[in-house]
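Work through the exercises below with the sequence and the model side by side, and try each task before reading its solution.

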Amino acid sequence: MQNTIMILQQEVEQLRNEQTQLLQEQNLQLENQVTETEERFRAIFNQTFQFIGLLNPDGILLETNQTALEFGGLKREDVINRPFWETHWWQISLETQQQLQAAITQAAQGEFIRYEVDIQGIHGKIITIDFSLRPVVDEAGSVKWLIPEGRNINDLKRTQEELKQSQKHYANLAEAAPVGIFQTDADGNCCYVNEQWCQIAGLSAEEAMGMGWVTGLHPDDRQRVAAEWYRAAQTNDLFRSEYRFQSLSSGQVTWVLGQSVSETDLNGQVNGYIGTIVNITERKQAELELAQNKANLEISVDQRTAELEVSRQRHADMYQKTPVMFHSIDWQGRIRHVSDYWLEKLGYTQDEVIGHKSTEFLTPESCHYAETVVLPEYFKTGVCSDIPYQIVTKGGQVIDVLLSANSHQDTSGQRMSLAVMVDVTASNQKLYREKELAQVTLQSIADAVITTDAQGYIEFINPVAEELTGWKAAEAQGVPLTQAFRIINEITRTSAENPVEKVLRDGQIAGLANHTALISKSGIEYSIEDSAAPIRNRAGDIIGAVMVFHDVTHARQLQRDLSWQASHDSLTELVNRQRFEQELDVALQSLIHDDQTHVLCFLDLDQFKIVNDTCGHTAGDELLRQVSQLLKKQIRAIDLLARLGGDEFGILLKQCSLEAAQAITQKVLSAVQDFRFVWQDKVFSIGVSIGLVSLDMESILTEVLSAADSACYAAKNKGRNRIQIYESHDLELINQRGERHWSLQIKHALEENRFCLYRQVIASTTHPPETAYEVLLRMVDSQGNLITPEMFIPAAERYNLMPAIDRWVIKTFLDYVEQTLTGYEDETISDIHANKLHFINLSGNSIGDPLFLEFIKEEFKQHDFSLQNIGFEITETTAISNLQQATHFIHELKQLGCQFSLDDFGSGMSSFGYLKNLPVDYLKIDGHFIKDIIADSATYAIVESINHVGHVMGLKTIAEYVENYPLRECLDNMGVDYVQGFGISRPAPIISVSKSSLYESECP
């Protein structure tokens, strides 16, 4: 046992030693990494060309780099741990040191400092630096160090000063120049002339500005000068012309020589022209005199002959001494004379050259070219120019030259040739490199490139062009471009003009027409865009063309898709409302000029909501798709079918009489009526309500849209699944259009806050009496007149404006309650404070809006008071048609303390059946029953049964439309809990008993 323990102890000790050794090795490795990182940083720190250091917040220099030390001729011990402003660099002046000391104080407060300053280096050398102090803060935000940096800007300062001097020199030169100087913009509008120009042209500087200089031209020269100026601007060539100015005041004519060149920006774009004019009036007069002196010149011919002989001898001397490779050969091709430079360039002596054929010094290839091509032609014409040869020096080096020669007779009458050679070796090498670079570039770019010769035959085609055309470079070489580059108009499918043919014909840059497509060798079609330009030689002659094009198939398809999406409904793929209205407007315009008839149809699906609510929106979407296909089959090819939104469709029956339109829409009606929509295990039948409007030349777009909408709505109101033709004298349709008008008035009233709240008393029949209120709404028109709800509520319900109105009522009433409680919290006579229940009416549209419940809850959160005196009224019809949503809605708000009243109870066909499922607190019996209970015993029995059932279910009952005392007494005897009507109290603005109403100034 003891041995085992000892063995274990030894193993533990061994493990401990191994662990210690491992930790030491890791520690050594980390130390080496830190040392290496520090050495790298130190190398970068010392090798930078800027002056960099490190200060503490008090300005003591802690570190500086080698660049700064070398500039000052200093050692580290000269500056480290000293105040920065006392170091050698800053001892240029006391002011400099004080400025630095102040800057360090600011930087120590966390501010970044930067300014230009002079410092001194070794031997008193002074430079200007761009100096900065950058604070470095720790995690607590305190400044820990300052980093000073300096960059030598002497060269920058000197360059700026030289630029100023150059600009000043140019301005002085322009004013002092003995020639007229002018400057224009890119359009030829004059923007500067010097004094000499004004004197020569006879115009003031103000008169010359813009195009004013043209008025000073001689009338006979204006058109010519303008044409020459325009041509020079188009070709970017030098403008040079002789023309006349004629003084507007004295009529004096001055001849000038005008010259100008273009000025370009950094991108090579022309941004103006600068030029001069020189007075050549005297020269022109001299030219006239020259003709008169021609006879006198003939007398001087003999004298000039002698002078020419002297000149000939001088040229002979120049022949030998000029730094150009001259040589003369006889008619047998043997060299008779060579210039000294010729001999020097090739390394020969006179004896090694004279008498030898000139072709002996050419490479074999150049010799063959000379003997078979150049010399035979030269012997015919006696002249050759820029012949490319390769000659061989005595040392064996090959030199590229261009040779030009001309034949003449020497003094003995023998035919000789004088030839001159120019060394182009360096330029050829450069040209070769540029050509090679161009070839690599063309091979690499993403655009397709094809070049042709002057006849339109392909010389080069890059890989992208190979891919798009389907032609390989080898097989495309020498093929006519029209054969490999086959293009058509992708809309008309006709052949498109080849841009290279146009370039070679017109000599100008040309591009493809819109909607051009390339047909590849394999038949693949690509949408492309391109441009082509001429290729010219030095003389300006067209020697070929280059065409650059790229594939835009995807972009064009995307553009077509976006255009289609903007004008079509994505669900049904029919045109949308915007496109439909555009086509309708075009049809209306055509009626002004053509004797045609069109009919507009609005369609609204019946029972669509049942499918949506029962099976969900996915089923509803599928129903709309199937109905769209069904409708397409019922109309003609020239007609236009559109989805206008929701379950509404529009049809424009073009060139169609009203009678024919009735037949077509009856066909549509029958097809929809016979259609059965199957979804999973359910089968649905639907209908459609259709409104027709006949269009004539006096029809207006907005009016016909409104009329069709009204006719469609009238068809719905008359029982659905029918056709209604719009007639201007139809009272019901006029009312429908009136509702559209009211919808606009409601929107304006909401925007301008032109609503106000009223309330009507709901009195109890018990003793002591209790009082509640129903909150009512009034609209105020733009003239301040009061509008009752029955005027605008139907339009608000139809055009889905009730949710917005309900939101306004709730927010406004709750604001009023809160302000009342805040303003009168010490008084006990406020109705709200006295526990008076107020009922707010809610529409069916609001109950069905999933966001409306959240809106009410949010408003309650923002208004901090008890909700037990807030009640809501919903109609029996609303509750039954949205039973599940209504039940959820009521439950949610009752949990917050609100109460609910079921309005118009008894108007539905199954009132009692639904009542037990609705958690309401009050039943408001339909007023149409209340009015007749005294005269009609059956009605009395109905009201009595409703009251009884309500009490059995624990609900309180309210009778509305109580217009007189006998009615109230009858209802008291029946045991109805509350009564409401004009016989009890008329509606009044909401006004506090003790103070003026918050709305008194707004409501009538």
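**Exercise 1.** Find what share of the contacts in the protein chain with a separation of 6 or more comes from residues 24 or more positions apart.

*Solution.* Start from the rule that a contact means heavy atoms within 4.5 Å. Among the contacts with a separation of 6 or more, residues 24 or more positions apart account for 53%. The model is a predicted one, in which local features need pLDDT of at least 70 and side-chain atom pairs count only at pLDDT 80 or more, while totals for chains, interfaces and linings use all residues. Residues are numbered from 1 along each chain as its sequence is written, and side-chain values use heavy atoms, with hydrogens and water left out.

**Exercise 2.** Determine the order of the five strands in the open sheet, and where its edges are.

*Solution.* Strands here are DSSP runs of E with at least two residues, helices are runs of H or I with at least four, and both are numbered from the N terminus. Two strands pair if DSSP finds at least two bridges between them. By that rule the strands follow the order 2-1-5-4-3, with antiparallel pairing. The edges are strand 2 (61-64) and strand 3 (113-120), each of which pairs on one side only. Next, look at strand 3 and strand 4 (residues 126-137), which are joined by eight bridges; Tyr-115 has Phe-131 in strand 4 as its bridge partner. Tyr-115 and Phe-131 also belong to a cluster linked by ring pairs, together with Phe-84, Trp-89 and Trp-90.

**Exercise 3.** Classify the aromatic pair of Trp-342 and Phe-361, and say which parts of the chain the pair ties together.

*Solution.* Rings of Phe, Tyr and Trp (its six-membered ring) pair if their centres lie within 6.5 Å, and planes under 30 degrees apart count as stacked, over 60 as edge-to-face and the rest as tilted. The count by this rule is 27 aromatic pairs. For Trp-342 and Phe-361 the centres are 5.6 Å apart and the planes stand at 90 degrees, so the pair is edge-to-face. Trp-342 lies in helix 13 (residues 340-346) and Phe-361 in the loop between helix 13 and helix 14 (364-381), so the pair ties together parts 19 residues apart in sequence. Finally, buried means under 20% relative accessible area, exposed over 50%, and partly exposed in between, with a 1.4 Å probe and protein chains only. Trp-342 is buried at 3%, and Phe-361, at 7%, counts as buried.
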